[in-house]
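Open your viewer and get your selection tool ready. We will go from stop to stop, and at each one you will hear what to select and what is there.

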Amino acid sequence: MKKIMITAFALGISIVGSAQNLDMLKLKKFEQQLDDVMELIDTSLLKSKLNQTESEYKANSNEINTVRLGIIYHEIALNLTFLSKTSYKGFAQKSYDVLNKLSTNNNTCAELMPFVSSYKASALALVSAETRSLKLLSQSFFLFKNAVKDYAAFSYLPQFFRGSVAENLPWFMFSKTKFAKLDMQAIIDKQHKNSEYANNKIMSFVFYAWANQHQSKKHRKQTLDFLEKAIMLDPNYMGGRKKAEDLKSKLIL
C-alpha cells in the first residue's frame, strides 16, 4: 500500500477557509445529490453503485462526481475491505487520496467541504485500521476535531463519523471512545432544534447508536424509546432498523 505522507498540506490544514458563510440551501442540494452513495449497508447495491459512480466520474470528472467517487470508495472500505482478503483492499487509501485533493484545493466549493472533510477523516481512520497504525488514528481524530469545529453547526457529518469511529475503538482509548456518546447526543440535540438537520436514515443510525451506548437499566426507558424511533424512521431497512430490532429483542427478554 502506498505510504501516506502526513503533512500540514496532506491534512488540509488551513487550506480551505472556515464555514462562516455557508449557503444552507446549496448544502442541502449537495446532500440530495450525494445521498444515494452515502451510508450504504446493502452490499449488492454498494457494488452496483461503485461501478456506476466510477463510470460517471470517467465520463465527467466534475467536482460533485469527484466527491461521489471519494464517498463510494469510503463505503466500499467500510463495508467490504475487512470481509475480503484481496478484492477490496486499499479502498480507504483511494478514498482519502480523492478527498484530500479536494480539501487542499482553494477552489473546492465551500458547501461541499462538510462532506469532504468528514469522509476524509473517516477514510484516514479506516486506513489506520487496515494498516494498524495508531499514529494515523490520532491524525484522523485531529481532522475530525477541525471538521467538527468548522461544520458541525451546519451538518451532522463530522460528529456522526467521529462518533461512529469512536464506538468501534477498544475501551482503553477513552480519550477517543468518549465521542461515541457525546457526538450522537449532540446530533440528537441539534435535530430537536432543527428537524431538517439530518434525514431519517441518518437519525435511524443515530438513535440506534445512542441506544447501543446506553444499555444499562438506568437508561432503559429512553433506550427503548430511541430504538422505536430508529425502527420507525427506517421502514425499508436502509438505516439502523435491523440492529435496532435486534437490540430491542435483547433488552426486553
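**Before you start**

This is a predicted model, in which local features need pLDDT of at least 70 and side-chain atom pairs count only at pLDDT 80 or more, while totals for chains, interfaces and linings use all residues. Residues are numbered from 1 along each chain as its sequence is written, and side-chain values use heavy atoms, with hydrogens and water left out.

**Stop 1: colour by confidence**

Colour the chain by pLDDT, the predictor's confidence in each residue on a scale from 0 to 100. The chain average is 90, and 91% of the residues score at least 70. Now select residues 1-17, where the pLDDT is below 50. Beyond near neighbours in sequence, this stretch has 43 contacts in the model; a contact means heavy atoms within 4.5 Å. Where pLDDT is low, the predicted coordinates should not be read in detail.

**Stop 2: helix α2**

Select residues 24-34, which form helix α2. Helices here are DSSP runs of H or I with at least four residues, numbered from the N terminus. Which residues of α2 are buried? They are L27, F30, E31 and L34, where buried means under 20% relative accessible area, exposed over 50% and partly exposed in between, using a 1.4 Å probe and protein chains only. Seen down the axis of α2, these buried residues fall within an arc of 105°, so they line one face of the helix. The arc is taken from the directions between the helix axis and the C-beta atoms.

Turn to the other side of α2 and you will find L25, K29 and Q32 exposed. L25 has a relative accessibility of 73%. At the start of α2, a side-chain oxygen of D23 reaches to within 3.0 Å of the backbone nitrogen of L25. To see what covers the buried residues of α2, show α4 (63-80) and α6, which are among the covering elements.

**Stop 3: the nonpolar core**

Next, select F115, Y156 and F160. These are the residues with the most contacts inside the largest nonpolar core, which has 75 residues. A nonpolar core is a set of buried Ala, Val, Leu, Ile, Met, Phe, Trp, Tyr and Cys residues joined through side-chain atoms within 4.5 Å. Helix α6 (residues 113-131) gives the most to this core, with ten residues.

Keep F115 selected and show its surroundings. Not counting residues up to four places away in sequence, F115 touches L27, F30, E31, L34, M38, V67 and L157.

**Stop 4: R162**

Move to helix α8 (residues 157-166) and pick out R162. Is R162 buried or exposed? R162 is buried, with a relative accessible area of 8%. The side chains of R162 and D183 are joined by a polar contact of 2.7 Å; such a contact is a pair of N or O atoms within 3.5 Å, where, within protein, one must be able to donate a hydrogen and the other to accept it, and residues adjacent in sequence count only if both atoms are side-chain atoms. Leaving aside neighbours within four places in sequence, R162 is in contact with F141, F144, K145, V148, F179 and D183.

**Stop 5: helix α12**

Select residues 220-232, helix α12, which has 13 residues and reaches 18 Å from its first C-alpha to its last, close to the 18 Å expected at 1.5 Å a residue. That expected span is 1.5 Å times one less than the number of residues. The buried residues of α12 are T223, F226, L227, A230 and I231. They cover an arc of only 145° around the axis, which puts them on the same side of α12. Their cover includes α10 (179-193), α11 (200-213) and α13 (241-251). Exposed K221 and M232 sit on the face turned away from the buried side.

Also in α12 is R220, partly exposed at 21% relative accessibility. The side chain of R220 reaches the backbone oxygen of Q215 at 2.8 Å.

**Stop 6: two loop residues**

Finish with R132, in the loop between α6 and α7 (134-151), and Y237, in the loop between α12 and α13. Phi of R132 is near 55°, a positive value in a residue other than glycine. Y237 has a positive phi of about 55° although it is not a glycine. R132 is exposed at 78% relative accessibility, and Y237 is partly exposed at 38%.
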